[in-house]
Amino acid sequence: MVQLITAYRVLLARWEPGFWNPASDAAAKSAFFFGALIADERCVIMVAERDEAIVGFAILMPTAVPPVYDAGPAATLDDFMVGEGEDWLDVGKALLVAVRACGRVRGWQQLIAVCPAADRRKAALFEAQGLAVVTHWHTAAM
């Protein structure tokens, strides 16, 4: 998982270097963070494997919804990626379907899925699976 996210950060930094500039110890921090999430029974973590190698993963975490909204219990899908772009069509879709099903079993009613603006393949998967764009983040140097 750390290898996949490290490779993804290269793309993120190309897309928006000011915001997505990885720290020099990003891989070690990711390994620690993933370990904490794996130990957290509230999280749903799924991996896809091919030839005994992880080719994709999805991490779904419970998320507090602001009390001014009545969206029901929610979960956020932030760390979600596949190793090859064309894998979004099958590996990505299978992971998304599986984590959503698991989330429903846990009683979560709302999925919040994060997608960088430039990640067209992930966005296409989300749209094909009926997810709506509800917000955009914008960034600039202060």
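Colleague: Is Pro73 buried, partly exposed or exposed?

Modeller: A residue is called buried under 20% relative accessible area, exposed over 50%, and partly exposed in between (1.4 Å probe, protein chains only). Pro73 has a relative accessibility of 41%, so it counts as partly exposed. This is a predicted model, in which local features need pLDDT of at least 70, side-chain atom pairs count only at pLDDT 80 or more, and totals for chains, interfaces and linings use all residues. Residues are numbered from 1 along each chain as its sequence is written, and side-chain values use heavy atoms, with hydrogens and water left out.

Colleague: Where does Pro73 lie, and which residues does Pro73 touch?

Modeller: Contact means heavy atoms within 4.5 Å. Pro73 lies in the loop between β2 and β3, strands here being DSSP runs of E with at least two residues and helices runs of H or I with at least four, numbered from the N terminus. Leaving aside residues up to four places away in sequence, Pro73 touches Gly107, Trp108, Gln109 and Gln110.

Colleague: How should I read the buried side of a helix, and which residues of α1 are buried?

Modeller: An α-helix has 3.6 residues a turn, so residues three or four places apart point the same way. In α1 the buried residues are Leu4, Ile5, Tyr8, Arg9 and Leu12. Seen down the axis, they fall within an arc of 140° (taken from the directions from the helix axis to the C-beta atoms), so they line one face of α1. These residues pack against α2, α3, β2, β3 and α5 (120–128), whereas the face turned away from the buried side of α1 carries the exposed residues Gln3 and Arg14.

Colleague: Which residues are buried in α3?

Modeller: Ala26, Ser30, Phe34 and Leu37 are buried in α3. They cover an arc of only 65° around the axis, which puts them on the same side of α3. What covers them includes α1 (2–15), β1 (44–50), β2 (53–63) and β3 (74–82), while Ala28, Phe32 and Ala39 are exposed on the face of α3 turned away from its buried side.

Colleague: Which residues form a nonpolar patch on the surface?

Modeller: Phe19, Trp20 and Trp137 form such a patch, with about 390 Å² of accessible area together. Phe19 is found in helix α2 (residues 17–20) and is partly exposed, with a relative accessible area of 41%.

Technical notes. Patch = residues over 30% accessible without salt bridge, like charges linked within 9 Å, V, L, I, M, F, W, Y side chains within 5 Å. Areas by Shrake-Rupley, 256 points an atom, 1.4 Å probe, with all protein chains shown as cover. Salt bridge = Lys/Arg side-chain N within 4 Å of Asp/Glu carboxyl O.
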